[in-house]
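Student: Hi! I'm new to this one and would like a friendly walk through it. Can we look at it together?

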Amino acid sequence: MPKHYRPAGKKKEGNAARYITRSQAVKYLQVSLSVFRRLCIFKGVFPRDPKKKVKGNHHTYYHMKDILFLKHEPLLDKFREMRAYEKKVKKAVSKKNKDLAERLLTRKPTYTLDMLIRERYPKFIDALRDLDDCLTMVHLFAALPAIERENIQAERIHNCRGLSLEWQAYISRTHKLRKAFISVKGIYYQAEVEGQKVTWLTPHALQQVMPQDVDYKIMLTFLEFYETLLGFVNLRLYHSIKLKYPPILDPRLKALAADLYALTRYADAKDRAIGANDEESELRLAQLQDQLPANEPGALMHLVENVADDNEDDEETIACKTLFQNKTFFLGREVPRESLLFVITAFGGVVSWEGDGAPFDESNQDINYQIVDRPTQSHRFISRDYVQPQWVFDCINARIILPTEEYMVGKVLPPHLSPFVDNEAEGYVPEYGETIKRLQAAARKEILPMPGGEHDDLEHAQNLLAEGINDRTKAKAAAEKKQEMALHEKQYHQELKKELEVMQYTPDPNIDDVKSNVEENTDDVSPEQLVKDDENMAMLSMSRKRRGLYEAIKISQARKKANVEILERRKKNIQKNKKTSD
C-alpha cells in the first residue's frame, strides 16, 4: 500500500485539504494561467509555503480558502465575458464580416477596480500603509518611454505622470516631506501622511534602458491596480485640504512641461480664495451678531469653521515649513528641475528656473541661492550664493541651513549621508555627521563638548566616579554571591561523600580554611570575568531556541563591530595619506 494512499470516498484531511497546487487551481476555476495571475494580483492572493508539500517541492501552492475566494469574484465573470467577446471579434474578422466586427468593437466590455479597492482597504489608513510599492511603480512608469511591442502605451505613461505629480503637489503643499536621499538607483523620498511614513523611489531623469528579461505583462497588471489605488488616495487627500479633484491646470504651463508648478499654483489660488471667503464670512457674522440679543453672543459662530484650526500642524511640520521660508532659489538648466522644485517648495522656499513658464527670471534681485552644476558661469551676481544641488538635500535632512563654503561650484562635495541610517545604532558616526551635529547644536544654541575634551569637565568626572563606585559595588556583591555558592557546593559534596560512607554528618572543622581560600580566590577575579560567568550560567538555563537566538544576536553584534573597525581603519589610512601628500 502506498504511503499516501487514501481510500475512495474518504474525505481529505490536513495539508491535502487546505492547500492546492497552481495547476489544480487553474483547472478548478476554468481559466487560463494569465487570467489566474491577473485575478490573484487584483485580489491580493499570493502563494503559500506549507510545511508538508503533498504534491512535491516543485509545485506552487495556494490556500484553498483563497481559491474559493476567487471563485465567487464578479471580476471572474467579466474576464470570461471579455474572452467570449474576443472570440466573436476574431470570428467576424476571419469571415470578413466588417459590419459585425465594427459593431462588436463599439461594444467592448469594460471593468473597473473600484470595488476591489474598497474591499482590500476598508479604511484609508490601510491604503496609506500599502502605498510604498504603489508610488514606486507609478513613478517608474512615469519616466519610461512608450513601447508598443511591450504594450506600454503613451496614455498610461501620461496617466502615471499626472498621478505622481498630483501626489507630489499634495506633499509639497502640506509640507509632509521628511527625508530625501540621492542614490545610484534614483532619489528616495519619505513623507509622513496622517501619521504613516510613506517611502518611495523616483528614477533619475535620464534615458531609461528597457531590459529584456523582465515580464512587463505582470508589471502592467500591478500598475493597473496601483493607478486605481493612487487615484482614490489622491482624491481623499485633495478633499481633506478642500481642493477639487482632479485639479484643473493652466494649459500654457502644461504645454511647457511645468505640471508640478501648475499644480502648486492651483493649490495656492484655492487657498487664497478660501481665505477671502473666510474673511467675508467672519465680517458678515460680526454684523449679524450686533443685531442679536445680548444673551446670545455666539449663536451663529458654529456656522463657520476655521480651516486653519482643523489642520493644526505639529512641530516637525512647522520646522519643515519654515526651513526655506523667505528664501528664493533659481535653478540652472543643467540641474534636475522637478526634484528640486518638489523638495524646495515642500520646505517653504520659492523657486524659479531657466526657461519658459518660470515665475521670474535670473536677474531678479530677491534670489538668495542659485543651484548650478557647471564649473563656469557666464555672469555672477554678488548678492546670491552659487551652490550645487546636494546642498539642498543635505539641508533638509539636517533641518538647518548648512554653510555653503563646502558646496560651492567646482569644489569636491562632502559625503552625502543617508537619513535612513541610524549612525548611533550602527556604532559609527562619520566625520561629516559629527560636523552636522555641532551645527545643529549651534542652531539650537546648545553647547557640546570639544572633541577629545570630554573627560576634562568636573561633571563628567563625577559621573565617571559614580559609575566606578557602582561597578565596584556590583563586583563585590557578585564576589560574595560566588563565595556563598562555593561554600554550599563544598558542603553538598561533603554530605554526599559521608552518605556514601554511611556516616552521620558533622560540620567540617576546616570549613573556615575553605572559606578563606575562596575569599582569596574571589578577590583576584575581575568584574569582567564575573559578568562572563553570569552570562555562561544564564546560557545554561536557556532553552535551545533562546540560546540560538542569543548566539545570533552576539554574532550580529560582532559583525557590526568588525564593520565599524574596518571603517575606522579606512578613515585612519585616508588621513595618513592626506598628511603624506601635504
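Tutor: Happy to. One term before we start: contact means heavy atoms within 4.5 Å. Also keep in mind that this is a predicted model.

Student: Got it. Which residues is Trp-167 in contact with, leaving aside its neighbours within four places in sequence?

Tutor: Leaving aside those neighbours, Trp-167 is in contact with Leu-131, Leu-135, His-139, Val-193, Val-198, Trp-200, Leu-230, Val-233, Asn-234 and Leu-237. Trp-167 is also one of the residues with the most contacts inside the largest nonpolar core, together with Phe-36 and Leu-131.

Student: How many residues does that largest nonpolar core have?

Tutor: It has 94 residues. The largest share, eleven residues, comes from helix α11. Another core, of five residues, lies apart from it, and its members include Tyr-85, Val-89, Ala-101 and Leu-104.

Student: Let's go back to Leu-131. Where does it lie?

Tutor: Leu-131 lies in the loop between α8 (124–129) and α9.

Student: And is Leu-131 buried or exposed?

Tutor: Leu-131 is buried, because its relative accessible area is 0% and buried means under 20%. If you leave out neighbours within four places in sequence, Leu-131 is in contact with Trp-167, Val-198, Leu-229, Leu-230 and Val-233.

Student: You mentioned α11 and α9. At what angle do they pack?

Tutor: Helix α9 (residues 132–142) and helix α11 (residues 216–240) pack at about 110°, and their axes are 9 Å apart. That angle makes α9 roughly perpendicular to α11. The crossing of α9 past α11 is left-handed.

Student: Which residues make the contact?

Tutor: From α9 they are Asp-133, Cys-134, Leu-135, Met-137, Val-138, Leu-140 and Phe-141. From α11 they are Met-219, Leu-220, Phe-222, Leu-223, Tyr-226, Leu-229 and Leu-230. By class, the contact of α9 with α11 has 13 nonpolar residues, no polar and one charged.

Student: What about α3 and α4, how do they pack?

Tutor: Helix α3 (residues 33–43) and helix α4 (residues 64–71) pack at an angle of about 100°, with 11 Å between their axes. They are therefore roughly perpendicular to each other. On the α3 side, Phe-36, Leu-39, Cys-40 and Lys-43 meet Ile-67, Phe-69 and Leu-70 of α4. The residues in the contact of α3 with α4 divide into six nonpolar, no polar and one charged.

Student: What does Ser-339 touch?

Tutor: Not counting residues up to four places away in sequence, Ser-339 touches Ile-187, Tyr-189 and Phe-393. Ser-339 lies in helix α16 (residues 337–346), and at 10% relative accessibility it counts as buried.

Student: Which residues other than glycine have a positive phi?

Tutor: Among them is Glu-194, with phi near 55°. Glu-194 is in the loop between β4 (187–193) and β5 (196–202), and with a relative accessible area of 44% it is partly exposed. Lys-242 has a positive phi too, of about 60°. Lys-242 lies in the loop between α11 and α12 and is partly exposed, with a relative accessible area of 41%.

Student: What is the peptide bond from Tyr-245 to Pro-246 like, cis or trans?

Tutor: That bond is cis, with omega near -5°. Pro-246 is in the loop between α11 and α12 (251–255).

Student: Last one: how many helices and strands are there in the protein?

Tutor: The secondary structure comes to 23 helices and nine strands. Of the 582 residues of the protein, 33% count as buried. Among contacts between residues at least 6 apart in sequence, 59% join residues at least 24 apart.

Terms used
Residues are numbered from 1 along each chain as its sequence is written. This is a predicted model: local features need pLDDT of at least 70, side-chain atom pairs count only at pLDDT 80 or more; totals for chains, interfaces and linings use all residues. Side-chain values use heavy atoms; hydrogens and water are left out. Axes are lines fitted to C-alpha atoms, for helices over the stretch in contact, and angles run from 0 to 180 degrees between N-to-C directions. Helices (H or I, at least four residues) and strands (E, at least two) are DSSP runs, numbered from the N terminus. Angles under 35 degrees count as roughly parallel, over 145 as roughly antiparallel, 65 to 115 as roughly perpendicular and the rest as oblique. A crossing is left-handed if the near helix is turned anticlockwise from the far one by less than a right angle, and right-handed if clockwise. Ala, Val, Leu, Ile, Met, Phe, Trp, Tyr, Cys and Pro count as nonpolar, Asp, Glu, Lys and Arg as charged, and the others, Gly among them, as polar. A nonpolar core is a set of buried Ala, Val, Leu, Ile, Met, Phe, Trp, Tyr and Cys residues joined through side-chain atoms within 4.5 Å. Buried means under 20% relative accessible area, exposed over 50%, partly exposed in between (1.4 Å probe, protein chains only).
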